[in-house]
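Me: Please take a close look at one part of this structure, and then connect that part to the rest of the model. I would like the definitions spelled out as you go.

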Protein chains: 2
Amino acid sequence: MSFLSSAAPKLAPWKILLVDDEPDVHDITKLTLSRFRLDGRGLAFQHAYSGAEAKEVLAREKDIALVFLDVVMEKEDSGLEVARWMRQDLDNQFTRIVLRTGQPGQAPEERVIVDYDINDYKEKTELDRTKLFTTTFAALRAYRDIMKVEQARRVQLSYREGLERVIAASSHLFQQRNLKDFASGLLQQVVALLRLEQSMLLRIKGASVITGESQYEVLAQIGDFNYQEFGPELIAQLDDARSNRISKLCGDTFVGYFPNSSGKSTLLVLKGVEEISEIDAQLLEVFSKGVAIAFDNILLNQEITDTQAELILRLGDVVESRSHEAGNHVRRMAQICHLLAHESGLSEDETAVLMHAAPMHDVGKIATPDAVLLKPGKLTPEEWEIMKQHPTVGLQILDGSQRPILRAAAVIAHQHHEKWDGSGYPQGLKGENIHPYARIVAVADVFDALCHARCYKEAWPIDKVVEHLREVAGHHLDPHYVKLLIQNIDKAVEINERWPG
Amino acid sequence: MSFLSSAAPKLAPWKILLVDDEPDVHDITKLTLSRFRLDGRGLAFQHAYSGAEAKEVLAREKDIALVFLDVVMEKEDSGLEVARWMRQDLDNQFTRIVLRTGQPGQAPEERVIVDYDINDYKEKTELDRTKLFTTTFAALRAYRDIMKVEQARRVQLSYREGLERVIAASSHLFQQRNLKDFASGLLQQVVALLRLEQSMLLRIKGASVITGESQYEVLAQIGDFNYQEFGPELIAQLDDARSNRISKLCGDTFVGYFPNSSGKSTLLVLKGVEEISEIDAQLLEVFSKGVAIAFDNILLNQEITDTQAELILRLGDVVESRSHEAGNHVRRMAQICHLLAHESGLSEDETAVLMHAAPMHDVGKIATPDAVLLKPGKLTPEEWEIMKQHPTVGLQILDGSQRPILRAAAVIAHQHHEKWDGSGYPQGLKGENIHPYARIVAVADVFDALCHARCYKEAWPIDKVVEHLREVAGHHLDPHYVKLLIQNIDKAVEINERWPG
């Protein structure tokens, strides 16, 4: 039992260890103090009849308030050795030590009290009923005073450690770059902070009370529970937290309300919270403030990133619209590029850059005259030369930027008509001299053209598309990326279905 | 003198208050204890000759370790009243109280020790030299033990409070959205954390050692000092922090090294740091970690925002390039729009949205056939009708987005050819029915066209431009924004000079 928890049941007795080799001394002491009370608490005695036994008890029982310590036992200075051992080896500075000696000559009061870190010195003869009583009273009071401060120190220490955990947890969250990582990171941190096993983060979807549809979207969860299984009680608790904008504990379920300035607030569900301590509740509050800020940052970031992605897609659309191509071409291409980049093991950052840059591959067509770009029939050799300028024009438009996305877009615009066997344009680059981004875009571009109807052709069935891709792999296209596409053809078909056109 | 600082000079004596109405008792006690030492510290005596005097001394001196307290003084229970008052009214739980009585019958030991929160009870007769010595020893030891824990508690408390300040400071920083606010916020927080008056935040510009030019750029500062004035010493300290990537204190100047993942590290200079305590140093370290993360977030945000702005400008360029217009047109327009929006009192957010959206105003021209868009001569009425479709096409391209910038761009594309008097196209909107963004863009567009050469006209001198703007104000253009532009014509001319074309 720790000091901290021993204080909780207020009437637990004070533990006193009697160390004396004469059993009579034990009996008399117990009897004399039998009706003793301090702050409403009685006494509980432990007994040791030698120095060795005393050490055993002291090593085991950490919350002994007071030791009455005989000096002469198995050795002439056994008691003194126990006192030294307690303070130095056991590092116990709290338990009060009252030395009791029957042979004062053996351990003179002044020397002993200077040399040993004891708290009182009594000759057994002077310990009448009153003196024993007041000595015990004074010693226990001193112990109580120290422990009161010690407990306050432990509260501060545990608060401080909690704050350090909160800071570490918040640091972790502030480093998250997207909502998904943020949400699962948040759960991990809360669960670690409160030492729980089940938790879930929900986002409020919007007002859909009338439809009866769930209003909560699961952002992340730890442990295998489904909030809908918990039925009306949990839903009521969620609705309550949401409308009153407060966090609340009901039974063993804590529902935390995390506001954020965008209005899309989040609810945290913690199961198995038997009892949140006051410190934990305060830490959770401090943490929640940080979470709200981190959440705002994530959403702001996401807003800017989404705007950027949409802008690029619309830029792609604008270009495609001049060629009267189907609207979703650049959206599908971006997704196919993402798929191939991911499967080929590119980093997340590179995959994102490629996906965002790909829709700009044909930007150079902006300068291609209508007469060439929109000609219904076959191009003359001269017209074809004009058409083939669009990669170089694209490079000119996008060149010279410091931004990773624009740099990627420039190389893609310039090289997406190069072919693996060197027969492409404008530079006639070959194999790995073509930038991987451009090789991926070429595969995605051909795949999308084959799968969809164009002014000059019908849409092909997927089997025929795969067959054709196998044929051109190693000639027109990089065989590695073609292989990856065919291995993941189901995902590619899904992309086609999601963005038809 | 506080408890905390009294511990620093290790040989300060233990303060003992002697309370007794008999001067002899004072003298004898002093004499008896004159050679007393505990942990190498002697004793310092305070004297009080009545209960009232004792209270005065105790109220004034907060670090008295021990009180020898007589019972019977001005009243029969003066000493007991002092003991009660100390614990209850003064709320002093630390000072040890040894009651000394000459008339034990007046205050029976057992009753007194139960009723009063005292630590020892002695009859004056039993206080021989040895007993006085051991009693003092035991009492001071108890005081020492409590104060040791109390001091540890205070360290934890002060660390905890420091962490709370760090958390508040970090929260503040994480809410900053741009580098400038971040930098000055950082300084304010550090200065508040460490209670300083001068500080400065520098960014490493890059390797320019050879040119002799300063390698440090001032991001923010508090107090009026210039780091260059401090000459070679400070510069050496900066260089040292930078190359060794560590924070260091030299004299009264602290140079903090704040790494961040972008490589553009930051140096913090704090002047007047006489001595940073261990706790402050630890707090600064905790804070620095948060700062590095917040800094990364700011830079990431800035990167995304800058990419977005550049993308839009390039989209604008692409469109303008089809009409063979001068390259910097959209850049200048964006700046003129920013100027007018700011001067007209639009919020910072709205001003930024307008500035980012303006370059897309002519996006609909992408669909205008070459034959019309690039026709050298005057358009026929039929061709003019085709030309006038570009605002509607622009709306179609940009319509339906949830993003503020794209929504603004859509309304600008649609309405930027409307005129204040209702004579514009495509809807013939009038006055304040035209969106303010579109009215501002119209002014900026006309201004830029007048100031620069086009295929059909020369560039006009600024006087003639202003004269023309005055003429069309209230007819073609919103007179309010024209007035603002003319009031700020110097700034507009500066914009023209910065982006010539």
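This is a predicted model: local features need pLDDT of at least 70, side-chain atom pairs count only at pLDDT 80 or more; totals for chains, interfaces and linings use all residues.

Reply: The sulfur of Cys451(B) lies 14 Å from the closest cysteine sulfur, that of Cys337(B), which is too far for a bond. A disulfide is counted here when a pair of cysteine sulfur atoms lies within 2.5 Å, and over all chains the structure holds 0 of them.

Residues are numbered from 1 along each chain as its sequence is written, while chains are lettered from A and ligands numbered from 1 in the order in which they are written.

The confidence of the model deserves a word before the other parts. The pLDDT, which is the predictor's confidence in each residue on a scale from 0 to 100, has a mean of 85 in chain A, where 92% of the residues reach 70 or more. In residues 206-212 of chain A, by contrast, the pLDDT is below 50, and the model gives this stretch 7 contacts beyond near neighbours in sequence, a contact being heavy atoms within 4.5 Å. Residues 1-9 of chain A also stay under 50 in pLDDT, and for them the model has 14 contacts beyond four places in sequence.

As for the two copies, chain A can be laid on chain B with an RMSD of 1.1 Å by a turn of 179° and a shift of 0.3 Å along the axis, the superposition being by least squares on the C-alpha atoms of residues with pLDDT of at least 70 in both. That is the relation of a two-fold axis. Of the interface residues of chain A, 100% are also interface residues in chain B, so the copies meet through the same surface.

Within chain A, the domain assignment, whose bounds come from an automatic or database source, gives domain 1 (3-152), domain 2 (176-299) and domain 3 (323-498). The centres of domain 2 and domain 3 of chain A, taken over C-alpha atoms, are separated by 44 Å. For residues 15-139 of chain A, UniProt gives the feature "domain: Response regulatory", from an unreviewed entry; its positions are in the numbering used here, feature names are shortened, and annotations may be inferred rather than shown by experiment. Over this span the chain is 39% helix and 22% strand, and the end C-alpha atoms are 12 Å apart; helices (H or I, at least four residues) and strands (E, at least two) are DSSP runs numbered from the N terminus.

The unreviewed UniProt entry also places "modified residue: 4-aspartylphosphate" at Asp70(A). Asp70(A) is found in strand E3 (residues 64-70) of chain A, and at 3% relative accessibility it counts as buried. Leaving aside neighbours within four places in sequence, Asp70(A) is in contact with several residues, among them Asp20(A), Asp21(A), Thr101(A) and Lys124(A).

Two backbone details complete the account. Most residues other than glycine have a negative phi, and most peptide bonds are trans. Asp39(A), although not a glycine, has a positive phi of about 55°, and it sits in the loop between helix H2 (23-32) and strand E2 (43-48) of chain A, where its 47% relative accessibility counts as partly exposed. In chain B, phi of Asp39(B) is likewise positive, near 55°, and Asp39(B) counts as partly exposed at 46%. The peptide bond joining Tyr425(A) and Pro426(A) is cis, with omega about 0°, and Pro426(A) lies in the loop between helix H15 (404-415) and helix H16 (436-451) of chain A. From Tyr425(B) to Pro426(B) the peptide bond is cis as well, with omega near 5°.

Notes
Side-chain values use heavy atoms; hydrogens and water are left out. Buried means under 20% relative accessible area, exposed over 50%, partly exposed in between (1.4 Å probe, protein chains only).
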